Amino acid sequence: MAAEWHRLGETYYRRTRLYELPWPSERLEQALVAASSDGGLLAMARDPRQLVALGEAGAIEPQIHVYTGAGQLLETLPLDTSSQLVALGFSWRDDLVTVMDDGHVRVCSLLVPCPRGDAVRQPATPSSHYVPLSLGIEAADTGVAAALVCADRVWALLRSGAIVEAPLPTSPSTDSIWTQKTRAEPPRVHAPLAVPPSPRRLVAWAPARPAGLLLATEQRVWALDARGYRELPHTDGPYSAVRPSPNGQLLALLASHEVRVVRADGTQLRAWDVRQSEAYQRARPMPRVPELLDETAMPSVAHERGGLGGTGLCAIEWCGDNVVALAWPGEVLLLGPYDEPVHLAVHGVPFLYSDAAGVRIVDAHAHDHVARVASSTAHALRAGSTHVAALLVEAARIAPTECARAYEAVRAMGADLALAVETCLDAASHEWDTDTQRPLLQAALFGQTWLDAPDPARLVQVSRTLRVLHAVRAPTVGVPASYDEDAVGVWLYRLAARAQHGRAVAICEALHLKADAVLLHWARVYMARIRATDDDESVAQTIIARFQRARTLRYADIAMTAWQAGRPRVATRLLEHELRAVDQVPLLLQMHEHRPALARAVESGDTDLVYHVLFTLQRHLSRAAFLDVVQTADVRDTEWDTHTVGLRPSARPAYVALAAHLLETYAREQDEGLLRDYYFQDDRHSDLALQCVAQAYAVPASERGEALRRAQQHFGDDRACASEARLTGEACALLAVQTTLAAELAALGVRPTPGVVGRSLYDTIALCVAHGLPRRAERLQHEFRVPDARYFAIQMRALIAQGDLAALWRVATQRRPPGGYEPVVSALLHAGHVEEACRYVAKGASDKASRTRILALLDRCTDAAVRERLQAALS
């Protein structure tokens, strides 16, 4: 590529020929032209304000032609004939944005067919789709007079004078460049600018950073941002054009026939009369650019000198932060702060647009870039340079033939050799042509061989990045990207957006990066392009094969795309290769594949994920269906219906048991109703009965009967719990007896504490004995089969506690106690009834078994006086 160096003051500016354009466009002044931020896309449509000869039928077709930066036709989009195109431009994601006069906005994604089943996106062509937006009701009612398309928003001037600010669906500050959104924030309407003599006399406007707008009226310049209108200290109008510098510190104003460069505070740095230029004298008649809201003007009428303000200028843009580029038909001038301008010849009327480094010039034949020569490039390549980088380049050039001279040159650099190497690397990164990059990289490599501690990492990184840049800049791609090591992800997206997925994957492999985002983009495009008749298995195999070649393991996102496109079997096949359960399970839930989702969740070992599945199923399924999924999720291959859409879960009962155990643990702590239903559906009658027993003893004793009867019924349904059923039945019967007993005692005026209901069987018998109800006590003994020894012990303790020793003597002497008299003696001694104990000792003296036990009791007695009295009674 040819490059021209031009000196402007103390600096140099270089014009680099990027591409020779093969497109058929000869007259750019009759078209609306827009360029993407890096110049990789050019969009062109006929300007509806320009008159076209009747014979030029192709020129009046309502179409937008999109070209690459190298002039290759990429896409042709039809326009809606019911409205008029006002403006077009590109978002930061290279989506084409068109604004119509009826307030409709389209954000078009190129070379990406419309996804199936998407209710928001609409097909623009068979290979592209768009997202429709609206500028609001007022824009539809009054109409749009002019519009500006910025990277993340659209500014629209309505015919009423109001200005609408409409954000685009994605924003570079919050979203990844791979993000696809269909909804944007609602547009914001700014009231008309009220300035005398008329609020409608808006002459020019331009976007200002970061998210503002500059407006020029007849005498003033205004700034519009989120805080509203703000007047700037520039009052020497009228102004025909206003352009802020990329850093926002300077303004370029066209006032009458004078170009002024001023600071934001109003200080003027330079004023240059355009009539001094030969280009002004040679300017041919051309339409005059009308005011923004001047609907009476005829822009198609050619004046003596038309353009901006009658100066013949067709464009004003900044080239960097200090130089203004002025475009006339056939010529572009670079106007610096102090020196004479630089003249650059072009073909016809050029189209200018600024970027971060300089200005790009597009004319009928070529695509050029003009930028300030980097200091490293000037040091290394400028003729006559004595910088150590230039000496290193020369030494590397002569090294193959004059080794001694090259060695002396390198030795003379001394400590500056490392600086020379770094300067050569930086200069190589700013070069476009490989013929210029190669000697700079060779010089850096040559210099590193003489360093004491060479570090090749920087050289390798620059070389790799330049290789990627060459792939991106190739004419078949047409993205004139600048060197930026942090912009590799953006370059990959640019390649993917131009259907260069194979090249993007190769770049990822060369730079050791993951190609997941590129492959996902390719898969989405592929899913949108396949026909409805294509076999699902072949589609899935194609995607899997491409992913496996790139060694990626992320299948969940494209499986979601397949599911949304109405391809559930494709989604199923892809999910079989997804290894991350946290990505796989949510999609299975959305696909209503409940059992596979639960199986994969438990296989992952993540209890949080298992609980997520359980809670999701509980919300969306009936109780019976939910419990059925939990209990029968382990479907064997032999039982699997081949016509069912979904994954075949692993046949591992332990996994299902884990899910059931987690559900049971949660239900036991938080939801007793769920636990009861779970036990019932799983035929776990004993567990269900135990739950009823626990519920019975959690309520007052008077309310336990119903729960215990349910427990008895559930125990009875389990053959292995016959004894538990009998015992539960006895508990129910005891509650009934206690209820009757409580009523009887209440009739007698006895209210024991604690109450009667809820006592144990033995306490109930003791209560009957203590209150003189022996027949009731005997009935309880016979009904609940209490042994005689136990019954006598209960009677004895109850009578001793009551102090009724006479009744105790009658019971004990009526017939021999089952355990002899020793237990009676022991109980009386503990109660302090020594004399009464002596009576029973004398009574048991004649009973051999009782005598032996009483003697043993005497041996254990520690009180000598009591022991003597008992021995006397025994004698």
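Student: What is aspartate 273 in contact with, leaving aside its neighbours within four places in sequence?
Tutor: With those neighbours left aside, aspartate 273 is in contact with His257 and Glu258, where contact means heavy atoms within 4.5 Å. This is a predicted model, in which local features need pLDDT of at least 70 and side-chain atom pairs count only at pLDDT 80 or more, while totals for chains, interfaces and linings use all residues. Residues are numbered from 1 along each chain as its sequence is written, and side-chain values use heavy atoms, with hydrogens and water left out.

Student: And where is aspartate 273 placed?
Tutor: Aspartate 273 belongs to strand S23, residues 268-273; strands (E, at least two residues) and helices (H or I, at least four) are DSSP runs, numbered from the N terminus.

Student: Which side chain makes a polar contact with the side chain of aspartate 273?
Tutor: That is the side chain of arginine 275, at 3.0 Å. A polar contact is a pair of N or O atoms within 3.5 Å; within protein, one must be able to donate a hydrogen and the other to accept it, and residues adjacent in sequence count only if both atoms are side-chain atoms.

Student: OK, switching to glutamate 317, which strand is it found in?
Tutor: Glutamate 317 lies in strand S26, residues 315-319, and its side chain makes a polar contact with the side chain of serine 354 at 3.3 Å.

Student: Now the sheet with S12 in it: what is the order of the strands?
Tutor: The order is S12-S13-S14-S15, four strands forming an open sheet with antiparallel pairing, and two strands pair if DSSP finds at least two bridges between them. The edge strands are S12 (144-149) and S15 (188-190), each of which pairs on one side only.

Student: How many bridges are there between S14 and S15?
Tutor: Strand S14, residues 163-167, pairs with S15 over three bridges in the antiparallel sense, and isoleucine 163 has histidine 190 in S15 as its bridge partner.

Student: Last one, at what angle do the axes of H22 and H23 cross?
Tutor: The axes of H22 (residues 705-716) and H23 (residues 722-747) cross at roughly 160° and come within 8 Å; axes are lines fitted to C-alpha atoms, for helices over the stretch in contact, and angles run from 0 to 180 degrees between N-to-C directions. H22 is therefore roughly antiparallel to H23, since angles over 145 degrees count as roughly antiparallel, under 35 as roughly parallel, 65 to 115 as roughly perpendicular and the rest as oblique.
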